[in-house]
Amino acid sequence: MQAFHVQEGESIDYTPAAAVASGDVIVQGSLVGVSPLDIAALADGSFPLGALTIGTLFDFVKETGAVTVGQDVWWRPAGDPVGGTVDTGAASVVGGTYYLGKSVRAEGANDLTVRVRIGNHFPDSPLRNVIADPGNAGAIPVTNTGSVQIVTAGAETRTLANPTYVGQQLAISMKTDAGDCVITVAAAINATGNNTVTLNDAGDFLLLTAIENGANKRWKITANDGATLSTV
């Protein structure tokens, strides 16, 4: 026998090095849990004193921003909760360090909390998020990771601002080609200094990933199939 049933898995044993209060969010590796009760500290960590819940519904304090049902939600340890103290931790739908799960209730931009079914598994592919093509002369949204399929009715343009968070990805492809689409990016996307992308034919594809360059967030090319790069 190679595996033995232990428990249902909604909670795990936890021995804190420092006292934990009920409702505290605890991160171990990339596993996020919530303490349902106060847990006293145990200096030598010799046995579990309490438990963390890792699979149920919780209302998490959240950052500013509207939430729709079914959105992926992350925990940012240095997030800024609405109406709370900056850098004390908050849930976010625009990405963060640790994946929490799916929102189960719509929330307004300035609502204090977001209700999440925590799952502690990363979604199968954030690039499945559909980002709407803004149309000719429009700005491609940069609020989240996702894919945008460009459709042109002639020679057109788009703009792309700098990314919102490190690790964000954007897949841009030409779905329907009735004319070239020239995309002007806010900053260079490679070491050469190119900041302009031209999609010439249906199927042209570019994958961008966000990095931190000094104090700035910048897009960098992860993959390119058919897109022409230039500098303006």
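A residue is called buried under 20% relative accessible area, exposed over 50%, and partly exposed in between (1.4 Å probe, protein chains only). By this rule Trp75 is buried, with a relative accessible area of 8%. The structure is a predicted model, in which local features need pLDDT of at least 70 and side-chain atom pairs count only at pLDDT 80 or more, while totals for chains, interfaces and linings use all residues. Residues are numbered from 1 along each chain as its sequence is written, and side-chain values use heavy atoms, with hydrogens and water left out.

The chain has 232 residues, and 39% of them count as buried. Its secondary structure comes to 0 helices and 18 strands. Helices (H or I, at least four residues) and strands (E, at least two) are DSSP runs, numbered from the N terminus. Along the principal axes, the C-alpha trace spans about 65 × 50 × 35 Å. Contact means heavy atoms within 4.5 Å. Among contacts between residues at least 6 apart in sequence, 54% join residues at least 24 apart.

Two strands pair if DSSP finds at least two bridges between them. S11 and S13 run parallel and are joined by 6 bridges. Here Gly146 has Leu170 of S13 as its bridge partner. S13 (residues 169-176) pairs with S16 (residues 205-213) in the antiparallel sense, over 5 bridges. Gln169 is bridged to Thr209 in S16. S16 also runs antiparallel to S17 (residues 216-225), and 8 bridges join the two. Glu212 stands opposite Lys217 in S17. The hairpin of S16 and S17 has 2 residues between the strands, and Gly214 takes a positive phi near 65 degrees.

A pair of aromatic rings is described by the distance of the centres and the angle of the planes. Rings of Phe, Tyr and Trp (its six-membered ring) pair if their centres lie within 6.5 Å; planes under 30 degrees apart count as stacked, over 60 as edge-to-face and the rest as tilted. A search of the whole structure finds 3 aromatic pairs. The rings of Phe60 and Trp75 have centres 6.0 Å apart and planes at 55 degrees, so this pair is tilted. Phe60 lies in strand S5 (residues 57-61) and Trp75 in strand S6 (residues 72-76), so the pair ties together parts 15 residues apart in sequence. Phe60 is buried, with a relative accessible area of 4%.

Trp74 and Tyr99 form an edge-to-face pair, 5.6 Å centre to centre with 75 degrees between the planes. Trp74 lies in S6 and Tyr99 in strand S8 (residues 98-103), so this pair ties together parts 25 residues apart in sequence. Trp74 is buried at 5% relative accessible area, and Tyr99 is buried at 6%. Phe58, Phe60 and Trp75 form one aromatic cluster.
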